[in-house]
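I opened the model to look at how its chains meet. My notes follow.

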Amino acid sequence: MHIVVCIKQTPATANIQIDPKTGTLKREGMAAAINPFDEYGIEEAVRIKERVPNSVVSVVTMGPPQAEESLRDAISRGVDQGFHLCDRAFAGADTYATSYALQMGIRKIAEFTQKKVDLIICGKQTNDGDTGHVGPGIAAWLDIPNVAYVKKVEEINDSLIRVHRMMEDGVDVLEMPLPAVIAVVKEINEPRVPSLRGKMAAKKAVIPRWTAEDIKADKNKIGLGGSPTIVASSFNPPPRTGGVKVEGATPEEKAKNLVAKLLEMKVL
Amino acid sequence: MANEIFIIKERCTGCGSCVKVCPVNCISMTDRAKEEGVRWKKLAVIDVNTCVFCNACVEDCDRLFNKTKEKMPNPDFFHAIVMKKEKVEVNIDTTAYKGVWCFAEQRHGQLMPTIFELLHVGKKLSLDLNEDLSAVVIGHDVTQYAQEIIEHGADKVYVIDHPIFEHFVDEVYTNALTDLIKQEKPNKLLMPASIIGRSFSSRVAIAAQTGITADATELSINPKTRMLHATRPSFGGNLMATILCEKHRPEMATVRPMSFQRAEKQSGRKGEVINVKVDLSKWNIRTKFVRYEAEKKEDIDITAAEKVVSGGRGLGKPEGFKLIEELAHTLGAAVGASRPTVDAGWIPYKHQIGLTGRTIRPKLYFACGISGQIQHLAGMSSAEVIVAINKDTECPMFKLATLSVEGDLYELIPLIIKEINKIKHK
Amino acid sequence: MNYFLTEEQQAIQETAREIAQKKIKPVREHYDVTEEYPWPIVEELRKADLFGVYFPTQYGGLGGGGLELCLAVEEISRACGGIALTIACTALCAFPIILFGTPEQKKKYLPDLASGKRLGAFTITEPEAGSDATATRCSAKLEGNYYVLNGTKNFCSNGNAAEIYTLFATTNPARGARGLSAFILEKGWPGLSFGKKEVKMGIRASPTYEINLDNCKVPKENLLGGEGRGLSVAQGTFDISRPGVASQALGIAQGAIDEALAYAKMRKQFGQSIASFQSSLHMIADMSTQVEAARALLYSVTKAMDKDLLAAEEAAEKSGKTVYDEMKKNSSKRWTKESAMVKLFCSDVSMKVTTDAVQLCGGIGYMRDFPVEKFMRDAKITQIYEGTNQIQRNEIGAAVIKELAQKG
């Protein structure tokens with residue numbers, strides 16, 4: 001079985017801070033790492049590889065040259081090979097253009113490795129974009145089935161996969177023939193720490209770097225130009241007011257005011 | 001050709017204004033080399049690999065140029081950033097697309113209340129556009145809900161009713177909605193940012209060859225361009241971004257639940273119900289729905305949970321955790337605990353938060369009867385919103401809390417549960 | 001401080017640190033309280049290849065030596081000194097096989113130990129024979145192709161979790177120390193059973209068991225190092241293995257400093273953090289200096305020792321002799337004195353530093369709420385096992401006098 005995991009290098013969330021003076025994101029400490037949700041995707045792929053004989057796990061990312069580090073990191077966690085879609089022409093892509101480029105990359109991986117791709121795994125979402133759109137998007141471009149919010153792979157063999165989808169009110173169990181796409185949630189596993197042999201393999205790995213032309217991407221569907229959506233403007237949300245005491249003459253009033261405040265803060 | 005952006009060194013004053021407006025933080029200031037003979041000390045540098053070519057810095061630099069021009073003619077600085085954007089021809093007649101659509105989600109044959117929030121904001125958009133407001137409901141035996149949707153403001157309801165839609169399957173729902181979009185050409189399409197909405201909206205967008213904004217919390221129509229301005233939080237809420245879909249239709253967005261209030265019901269309101277026939281033979285459905293398992297009352301893992309409700313010594317007795325669990329269940333939150341309650345055997349260790357327990361970083365943290373000893377704070381102080389409920393207003397937790405409520409938790413929590421349920425079931 | 005570790009050594013340190021901080025720290029209290037065996041952590045260590053860092057590559061290891069082992073054990077001990085014994089006890093079982101094993105023995109047992117598939121234990125102590133190994137009662141009689149073992153071993157660390165044991169018994173009680181022989185045993189063999197599980201002061205995540213041998217048949221080929229060479233096997237092993245205990249002690253000390261400093265910075269009294277008081281600063285200075293000195297000694301001794309060890313491992317592969325014999329041949333030096341110094345110094349520092357860490361934290365330091373008291377309890381054993389520090393002093397003293405005499 002050939003599994004491809006799609007990952008993204010994103011700023012490490014824990015370090016995202018707003019400079020109170022300038023109101024901008026603080027640059028320092030913006031260490032880049034594998035999007036935390038993708039780590040679960042990598043781990044699940046490696047676990048499937050351990051379960052299904054003769055499996056190979058590839059990992060692909062689209063991003064600037066430094067994103068190669070994230071591919072090496074994935075290799076140290078048990079992935080066999082990495083592929084890097086790296087071209088200025090990819091920059092500024094929204095989820096439409098990103099999923100287009102990634103699926104073209106996946107087609108190229110199949111051609112390059114001469115191994116058809118059976119399963120594509122994405123993280124639930126990225127911690128910088130928060131959309132969760134790329135996984136289903138890839139499935140749409142490839143016209144193959146997909147399930148998102150996967151919290152368990154119940155069964156997998158060379159021809160089908162049965163997964164548990166985490167819903168608000170329980171679990172839906174679905175079955176898809178392969179090839180298929182799944183997007184996984186944190187609940188699915190606990191990622192391992194990179195192994196020493198993995199680290200050595202990661203250091204030595206030769207990672208092909210492909211341009212838009214290499215993956216035969218349609219120039220009208222990639223990067224900023226190929227993105228239907230654009231960021232028109234961005235601004236900092238009003239700073240959170242700290243230390244507010246919820247007032248009210250009666251407990252009923254206090255409860256009401258508290259819930260109203262929480263609603264206003266959009267945290268319910 | 002790729003997109004290009006560069007800085008005309010001679011014109012950059014090193015003012016740093018562009019650094020502040022850049023949404024992706026790709027501009028930084030460096031020291032100029034001395035021999036250049038320029039009076040400015042700093043120079044802006046753009047990391048083109050991170051740049052999303054949003055034009056914000058260009059506009060900002062031009063604004064400064066225009067501002068300076070008022071005082072001095074022909075200033076030879078500012079106007080320093082040049083962007084060459086790749087042009088892609090898109091030939092879509094945007095005027096052929098009419099109406100605001102809202103997707104009505106159903107689960108196990110029950111209409112989900114998210115549609116009423118969508119109808120509320122959708123109504124406003126439809127009035128601004130002077131176009132119809134419609135809803136689409138996909139399911140089995142769901143025709144019954146059409147009238148209720150109309151009474152909440154929809155002018156038209158498309159009902160796609162067939163046993164195949166009983167359960168949510170990405171491919172099936174995508175086909176149904178995409179076919180309808182292609183046939184009816186709506187202008188805007190709003191979907192809930194629920195698990196179902198988030199799962200298949202992107203598939204629909206690609207199948208319909210259009211753009212989508214995820215998880216919007218604010219929506220408006222630009223009166224001039226008639227375009228949808230969808231604003232959404234990114235970077236974990238640290239930055240708000242307004243997204244446009246200029247050339248493709250429909251403009252799609254998923255809307256974060258509870259971002260808008262629900263539309264008022266107008267009993268007896270009239271509207272059109274359209275039963276959509278589907279041609280299943282065209283579709284290649286591969287996914288099989290196997291079964292649904294109702295949520296067992298299993299604990300949510302506190303380290304992964306977005307919301308955590310914790311109890312402390314202030315509960316006074318082990319039974320207090322029943323109340324904590326009830327509140328957690330109402331919120332969809334995990335249950336946490338402070339050290340003394342775990343030591344007392346009121347709740348297992350895996351719930352313990354703090355120095356000797358788990359460290360968590362939820363969006364919402366309820367500290368009920370927890371005074372906030374330093375060992376506990378170490379495990380949860382980076383929560384985004386902290387609510388403290390305690391009798392003692394002098395406790396350290398009150399100093400840290402975003403919102404603090406003074407009072408008896410046995411009195412307050414049931415009332416809070418009631419309030420939340422009111423909103424949920426309204 | 002920069003100890004000029006190689007890239008591989010740094011990778012070992014980082015990997016062990018990541019597992020220690022992410023996976024072990026959250027559960028260390030659980031295992032301390034319940035005394036359960038930390039199997040989920042063993043699985044993490046296995047997956048990360050940490051069991052294999054000091055094994056020759058031919059046997060599935062990563063080709064490192066004592067320093068590599070110490071780096072791993074130190075980082076794990078920094079989170080939990082008990083859980084570190086999963087690796088450290090396995091090393092104590094493996095070193096005699098590495099040093100004295102025949103090519104067949106090495107092929108049979110080392111790969112499983114290197115992968116962590118099977119854990120190891122070393123057992124020499126008996127009710128009557130502690131520091132005095134010559135008082136060993138446990139007997140081994142050769143009957144045909146088997147040695148038949150009878151007797152009781154106690155205080156076996158890694159107890160029933162291990163599946164491979166290096167065990168000492170006397171093949172000739174009349175010859176005292178020269179009658180002692182070493183054997184490799186496997187869990188599950190008839191006649192090998194576990195007795196009492198000890199309840200301990202510290203390292204409670206590591207089970208300590210009594211082992212009973214009742215006509216346990218051990219194949220002749222599992223005799224390790226030859227009949228009557230048991231004492232050499234034990235001493236030769238300790239020369240190489242003692243830095244392992246030292247690194248455990250060092251990690252425990254560092255872990256206690258980490259916790260105590262974080263608390264001292266947070267805790268305010270008289271309007272200022274308690275770390276800012278001069279009395280605290282002096283304690284912090286002493287603790288940090290002692291730990292750094294201990295680390296410097298440990299790393300430099302293991303680095304020097306590894307040169308001998310790795311060269312001998314390579315030579316043994318070619319010659320077919322044992323690593324121990326190759327080590328003796330190539331170097332006139334034995335490492336008894338230095339390895340005893342490392343063990344003595346690191347464990348004494350650990351006891352001192354962990355005690356001070358409790359003191360620095362005041363009342364909270366004494367509470368089970370807070371991990372510092374656990375470090376103090378865990379530290380104590382490092383002064384006792386693999387030769388009490390009194391025995392270490394004897395060894396060092398004797399070696400120093402001997403060196404003087406040799407110089408004339």
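**Chain B against chain A**

I began with contacts: 98 residues of chain B touch 97 residues of chain A. I kept in mind that this is a predicted model. Next I looked up the buried area. Chain B and chain A bury about 8,600 Å² between them, and 58% of that is on carbon and sulfur atoms.

I then looked up the polar links. I found seven salt bridges between chain B and chain A. One I noted pairs A:Glu154 with B:Arg291, with the closest N and O atoms 2.9 Å apart. The count of residue pairs in polar contact is 25. On the chain B side, helix α6 (residues 195–207) gives the largest share, eight residues. That side divides into 46 nonpolar, 26 polar and 26 charged residues.

I also checked strands across the two chains. Strand β12 (residues 229–235) of chain A runs antiparallel to strand β14 (residues 239–245) of chain B, joined by six bridges. Within β14(B), B:Met240 is the bridge partner of A:Phe235.

**Chain C against chain B**

Here I counted nine residues of chain C in contact with eight of chain B. The two chains bury about 870 Å² between them, 58% of it on carbon and sulfur atoms. C:Glu29, C:Met266 and C:Asp369 supply 52% of the area that chain C buries against chain B, more than any other three residues.

I found one salt bridge between chain C and chain B. C:Glu29 and B:Arg339 form a salt bridge through their side chains, 2.9 Å from N to O. The chain C side that touches chain B has six nonpolar, no polar and three charged residues.

Conventions: Residues are numbered from 1 along each chain as its sequence is written. Chains are lettered from A and ligands numbered from 1 in the order in which they are written. This is a predicted model: local features need pLDDT of at least 70, side-chain atom pairs count only at pLDDT 80 or more; totals for chains, interfaces and linings use all residues. Side-chain values use heavy atoms; hydrogens and water are left out. Contact means heavy atoms within 4.5 Å. Buried area is the accessible area (1.4 Å probe) that two parts lose on being put together, summed over both. A salt bridge is a side-chain nitrogen of Lys or Arg within 4 Å of a carboxyl oxygen of Asp or Glu. Ala, Val, Leu, Ile, Met, Phe, Trp, Tyr, Cys and Pro count as nonpolar, Asp, Glu, Lys and Arg as charged, and the others, Gly among them, as polar. A polar contact is a pair of N or O atoms within 3.5 Å; within protein, one must be able to donate a hydrogen and the other to accept it, and residues adjacent in sequence count only if both atoms are side-chain atoms. Helices (H or I, at least four residues) and strands (E, at least two) are DSSP runs, numbered from the N terminus. Two strands pair if DSSP finds at least two bridges between them.
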